[in-house]
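Open the structure in a viewer and follow the stops below. Each stop says what to select and what is there.

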Amino acid sequence: MKKDRSARWSWSAALLVLLSMALLNIAVGPVSLPFRDVMALLLGKLTSIPGEVNPTFAIILYSIRLPNMVLIALTGMALAGSGAAFQGLFRNPLADPYVIGVASGAGLGAVLAMAASWPADFLGMAVVPAAAFVGAILTVLLVYSIARVGRSTPVTTLILAGVAVSSFATAMTSLIMLLSTEELHRAVNWMVGGFSLGGWTPVLASIPYLAVGLFFLSLLGRPLNVLQFGDDQARQLGLNVERLKITLVIAASMVAATAVSFSGIIAFVGLVVPHVVRLLWGPDYRRLIPLAILMGGAFLLGADVIARVVLAPRALPVGLVTAAVGAPFFLYLLHRAKANVGFW
Amino acid sequence: MILDLQNVACGYFDTPVLREITLQVLPGEIVAVVGPNGVGKSTLIRAASGSLKALEGQVLVGEQDLAKISAPQRAKRVSVVSQALNLPEAFLAMDVVLMGRTPYLNWFERENQQDREIALAALARTETEDLAERRIGELSGGEQQRVLIARALAQATPVMLLDEPTAHLDLRHQERLLRLIRSLSKQEQLSVLVTLHDLNLVARLADRVVLLSNGGIHSQGSPETVLNPDALADVYGIQIYVMAHPINGNPLILPGE
């Protein structure tokens, strides 16, 4: 029963953290929006009492801050959700879309699509994630087939295969950028994780992919738990292992590819967030995936605030902040894996 | 239901480890599989569960060919108690036992009250109800093994396969596990196929013994007939003495000059 209470508490805690990070993210910027005005505008819209708020605040809020905030939150959710799913799938806590090369593969796919024609409208933007998705799926299949040793996927081979395939994809991406017209120089900014597209269009273009993918991932926690006993036992327990793995790869790659398409390659979110959730609330994937999704949104919103505040008025790419936090964390996890003391 | 292996060949990458395996396990019967290391005992368990497809021959439960049905359908007929190795240590014992309900649930379903009651009954049957809220990583080898048996019971199958259930257990826990397996087989009329290393345990537990050697069955029958010095010396390549247990008369197997 103790377990149930901590479970209920975990949902409210994660939601509360996400909500406060969202409000903080909206309020912080070159023009600082007073918290009272933000609340008045957000609530006022619902009850149609605009109040006596500066009208430029309303424009900044609705056409800049709010869509940027939502896109960042969605990106964090997608990366953390797919990270948690990949960790369960490979039974390896160091798996994350960046480490196993899925992000670079998606990046290559996205850049190929952008090289064909720079996405200006909603439809153009909706095509980029599809290309990124193809890149991501091909990468994960390649890395998995290289990393597999017999019936398991050891940490070392997974990381080595991920690094190798990822470097190759990144090299190809750079080559395409060098050879292409200067339109693609915008893509360089995009690659390091800057949210430069702006407005509501990327949000709307990414929502269908993310909604479907994250919905599936959130609901597959129970069979994913069974998979933690290994393919053989899972099969003997009546799980259709191959079908589950393919479904997970598709859903996790789709959300990761969508995140990469609109926000560039942001490292380690999918690694840090599920791990923290595991430490706080245990390894049960029924809770781990949805909680990682909520906390992933919160984490990236926080990282984005730091990116915009540290060298203000200059804004750093958010990927720099997550890498600065994530890389040491990754090394710490690797050290623990080496010491073989278990992961949760 | 009868577990019926008919002329089965099984192995990896199309190379059979075992050939011409024909054996039956009747309801309420315990059949032990013995043989030297690497002879293919675990492979035989995997093939009998249908998780490793037989290269030749058929594995039948009742009249049903396991190769012709889906993984959930197989898991409603055959449960497997693997060795308690590399378990995901942070799961609660109750959650592990609930995973025995996997074949009865689709991916998106959660366990209902009935599944919970079945899991609790399985914990009670294996005397592990006190461990329900403990993490399996914290449990001793014997406790883990009993939780895995409870998980297999929650699958509610007519056939249960056990792979080296007494490995790494001390004498008291071996004894306790033997008694549990015996009473499950007799009271629930389970067909039990079990691999064991320790021939003295085999002599006391099994109704029948299948002795494996060189990729096939050397001999099968009652413990008294199969566990004879000549056959064992032949298979294990060392001198082995068999005598009667001074108290219960079971065969007692002793290696040595």
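Start with the sheet of chain B in this predicted model. Four strands form an open sheet in the order 2-1-4-5, and the pairing is antiparallel. Select strand 2 (15–25) and strand 5 (64–65) of chain B to see the edge strands, each of which pairs on one side only.

Next, select strand 1 (residues 3–12) and strand 4 (residues 56–61) of chain B. These run antiparallel and are joined by 5 bridges. For one point along them, pick Asp4(B): opposite this residue, in strand 4 of chain B, stands Leu60(B).

Now show both chains. How many residues of chain A are in contact with chain B? There are 21, and they meet 24 residues of chain B. Select helix 9 (221–227) and helix 10 (231–236) of chain A: each supplies at least two residues of the side that touches chain B. Coloured by type, the residues on that side of chain A divide into 9 nonpolar, 8 polar and 4 charged.

For the last stop, select helix 13 (residues 285–309) of chain A. At 1.5 Å a residue, its 25 residues should span 36 Å, and its end C-alpha atoms are 35 Å apart, which agrees. Is helix 13 of chain A largely enclosed or exposed? Of its 25 residues, 22 are buried, so helix 13 is largely enclosed by the rest of the structure.

Key: Residues numbered from 1 in each chain as written. Chains lettered and ligands numbered in written order. Predicted model: local features only at pLDDT ≥ 70, side-chain atom pairs only at ≥ 80, totals over all residues. Expected span 1.5 Å × (residues − 1). Buried ≥ 20, exposed ≤ 12 C-beta atoms within 10 Å, placed from the backbone. Contact = placed C-beta atoms within 7 Å. Nonpolar A, V, L, I, M, F, W, Y, C, P; charged D, E, K, R; others polar. Pairing = 2+ DSSP bridges.
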